[in-house]
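Here's a quick briefing to read alongside the model. Keep the 3D view open and click along as you go.

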Amino acid sequence: MSSAEETTSQILTTHSVGATVQVVIDTLFARIKAGTYPVDTRLPSERTLASELGVARNTVREALDVLASQNVIHRRPGSGSFVKFRSDPKPETSYSSLAKEVSPLDHLVVRGILEPEMIRLAVINMTPRQIEELDEILSRVEAVRTDPGDFIEAEEDLYRKIAEGTGNPLLHSCYELTIEACRLSYRTALRRRHLTPQRIQDYQKRYNTLFNAIASRDVESAVEFIKLHLIDEQKLLLQDI
């Protein structure tokens, strides 16, 4: 039996829970095993999960308590629930192989093609719920003070939510590849070096401006913002070439 199967068995046999709670446990654990919620990442809030799964918040809370008791997640008071369970490593796919071949310049060129249209579609198509979730992610972005790793993780989630908000699953998938490419190339190391506390603060102000444009459905301002942001990213990259 695999470690994932063993953990599932423990969850099923050592806790007496209602059917709805068990469904939530199974759903969340399946996502964690699949890597939807990777190790050390923060799970969506109880309110977000309850809305997404169509259950009460106390049902989600009970399911999270069970997962925490099995060391699948770790609950930090005031901060949320974070994944502890590490899935078995998957064999490298052509997806990750391609990402490793992408240079920082390649990455920036593709962002320049995708992001203006991605932002435009997100402004038009994001639901009120998705905008609320984007606001929650922005709060995580703004909570970072000095840690580049924490900032990059929250920033990736911000862009993921915007890509999801386009309503175009193919565009969403393409953008996920750009995130993977950035993570596997030395571009991430470059970003970490440049992410001083002052630069983190500057980015936080920028993303607040972007969020306000999205929330107010201001397509022109949002697209203009991301174009200017990409120009600044290009200048940063040229400093290291």
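This is a predicted model: local features need pLDDT of at least 70, side-chain atom pairs count only at pLDDT 80 or more; totals for chains, interfaces and linings use all residues.

Residues are numbered from 1 along each chain as its sequence is written, and side-chain values use heavy atoms, with hydrogens and water left out.

**The chain overall**

- You're looking at 12 helices and 2 strands; helices (H or I, at least four residues) and strands (E, at least two) are DSSP runs, numbered from the N terminus.
- Starting at the N terminus, the order is α-α-α-α-β-β-α-α-α-α-α-α-α-α.
- Of the 241 residues in the chain, 43% are buried, where buried means under 20% relative accessible area, exposed over 50%, and partly exposed in between (1.4 Å probe, protein chains only).
- Take the contacts (heavy atoms within 4.5 Å) with a separation of 6 or more: 73% of them join residues 24 or more positions apart.

**Helix 7, residues 128-143**

- At 1.5 Å a residue, its 16 residues should span 22 Å, and the end C-alpha atoms sit 23 Å apart, which agrees; the expected span is 1.5 Å times one less than the number of residues.
- Gln130, Ile131, Glu133, Leu134, Ile137, Leu138, Arg140 and Val141 are the buried residues of helix 7.
- Looking down the axis of helix 7, those buried residues fall within an arc of 160 degrees, so they line one face; the arc is taken from the directions from the helix axis to the C-beta atoms.
- They pack against helix 3 (46-53), helix 6 (104-125), helix 8 (148-165) and helix 11 (197-215).
- On the face turned away from the buried side you'll find the exposed residues Pro128 and Ala143.

**Salt bridges**

- The count is 18 salt bridges, each being a side-chain nitrogen of Lys or Arg within 4 Å of a carboxyl oxygen of Asp or Glu.
- Glu46 and Arg61 pair up at 3.0 Å, N to O. This pair links distant parts of the chain, with Glu46 in helix 3 and Arg61 in helix 4 (residues 57-69), 15 residues apart.
- Glu46 counts as buried at 14% relative accessibility, whereas Arg61 is partly exposed at 34%.
- A salt-bridge network links Glu46, Arg57, Arg61, Asp65 and Arg75.
- Arg47 and Glu136 also form a salt bridge at 3.0 Å, N to O. Here Arg47 in helix 3 is linked to Glu136 in helix 7, 89 residues apart.
- Within helix 7, Arg129 and Glu132 meet in a salt bridge at 3.5 Å, N to O; being 3 residues apart, they are separated by about one helical turn.

- Leu105, Val109 and Ile113 make a nonpolar surface patch with about 290 Å² of accessible area together.
- Leu105 belongs to helix 6 and is partly exposed at 45% relative accessibility.
- Patches use residues with over 30% relative accessible area and no salt bridge, joining like charges within 9 Å and nonpolar side chains (Val, Leu, Ile, Met, Phe, Trp, Tyr) within 5 Å.
- Over in helix 8 is Glu156, buried at 13% relative accessibility.
- Setting aside neighbours within four places in sequence, Glu156 contacts Ile179 and Arg183.

Methods: Accessible areas come from the Shrake-Rupley method with a 1.4 Å probe; for residues, only the protein chains shown count as cover.
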